[in-house]
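This briefing covers charged pairs, a nonpolar core and a surface patch. Please look over the sequence and the model before reading on.

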Amino acid sequence: MEAEGEGHGHHPEGSKGSEKDFDVEEQRRKMERKAKAFHAVQQKSFLCAIVCCLPLGIAALAYSVKARDSLVRGDHLEHGISLKKSNLLLKCAYQIGLMINIFLLGGILTAIILLAVGSAE
């Protein structure tokens, strides 16, 4: 009879166990979401280091690795701080890379136009 009570949640220890299981499951889902966010930031950092601005991309990658390590240690405060720093560096690197590319493209187009005008005379 006691086994029936535990199955239906009437037993106090049974309800504590299910709440604990729910908390563990919720923590597992949170860790999975944070791990996915980390992988996205790490991929963006690597791409940014190659394409946009190498120094800032490498720094963003370093902070994303630091965020991963702090997440593994369970230091959620340090994880959040490192992830924010990595995202900030990524934004700066994208903007700097965009400006550099615009100036390079503008310089190349200007040189082409000047050469075309010079050869027409």
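Buried means under 20% relative accessible area, exposed means over 50%, and partly exposed lies in between, with a 1.4 Å probe and protein chains only. At 22% relative accessibility, Glu-78 therefore counts as partly exposed. This is a predicted model, in which local features need pLDDT of at least 70 and side-chain atom pairs count only at pLDDT 80 or more, while totals for chains, interfaces and linings use all residues. Residues are numbered from 1 along each chain as its sequence is written, and side-chain values use heavy atoms, with hydrogens and water left out.

**Salt bridges**

- Three salt bridges are present in the structure; the term stands for a side-chain nitrogen of Lys or Arg within 4 Å of a carboxyl oxygen of Asp or Glu.
- Side chains of opposite charge can pair when their charged atoms come close.
- Glu-78 pairs with Lys-66 at 3.4 Å, N to O.
- Glu-78 lies in helix α4 (residues 76-120) and Lys-66 in helix α3 (residues 54-73), so this pair ties together parts that are twelve residues apart in sequence. Helices here are DSSP runs (H or I, at least four residues), numbered from the N terminus.
- Lys-66 is partly exposed, at 39% relative accessibility.
- Asp-69 and Arg-68 form a salt bridge at 3.2 Å, N to O; Asp-69 is partly exposed at 33%, and Arg-68 is partly exposed at 32%.
- Asp-75 and Arg-73 form a salt bridge at 4.0 Å, N to O; Asp-75 is partly exposed at 31%, whereas Arg-73 is exposed at 57%.

**Nonpolar core**

- The largest nonpolar core has nine residues: Val-41, Cys-48, Cys-53, Ala-60, Ala-67, Leu-83, Leu-89, Leu-90 and Ala-93. Such a core is a set of buried Ala, Val, Leu, Ile, Met, Phe, Trp, Tyr and Cys residues joined through side-chain atoms within 4.5 Å.
- Helices α2 (12-51), α3 and α4 each supply at least two residues of this core, and the largest share, four residues, comes from α4.
- Ala-67 touches His-79, Ser-82 and Leu-83, not counting residues up to four places away in sequence; contact means heavy atoms within 4.5 Å.

**Surface patch**

- Ile-96, Leu-98, Met-99, Ile-100, Ile-102, Phe-103 and Leu-104 make a nonpolar surface patch of about 710 Å². Patch residues have over 30% relative accessible area and no salt bridge, and nonpolar side chains (Val, Leu, Ile, Met, Phe, Trp, Tyr) are joined within 5 Å.
- Accessible areas come from the Shrake-Rupley method with a 1.4 Å probe.
- Phe-103 lies in helix α4 and is exposed, at 64% relative accessibility.

Methods: Patches are made of residues with over 30% relative accessible area and no salt bridge: like charges are joined within 9 Å, nonpolar side chains (Val, Leu, Ile, Met, Phe, Trp, Tyr) within 5 Å.
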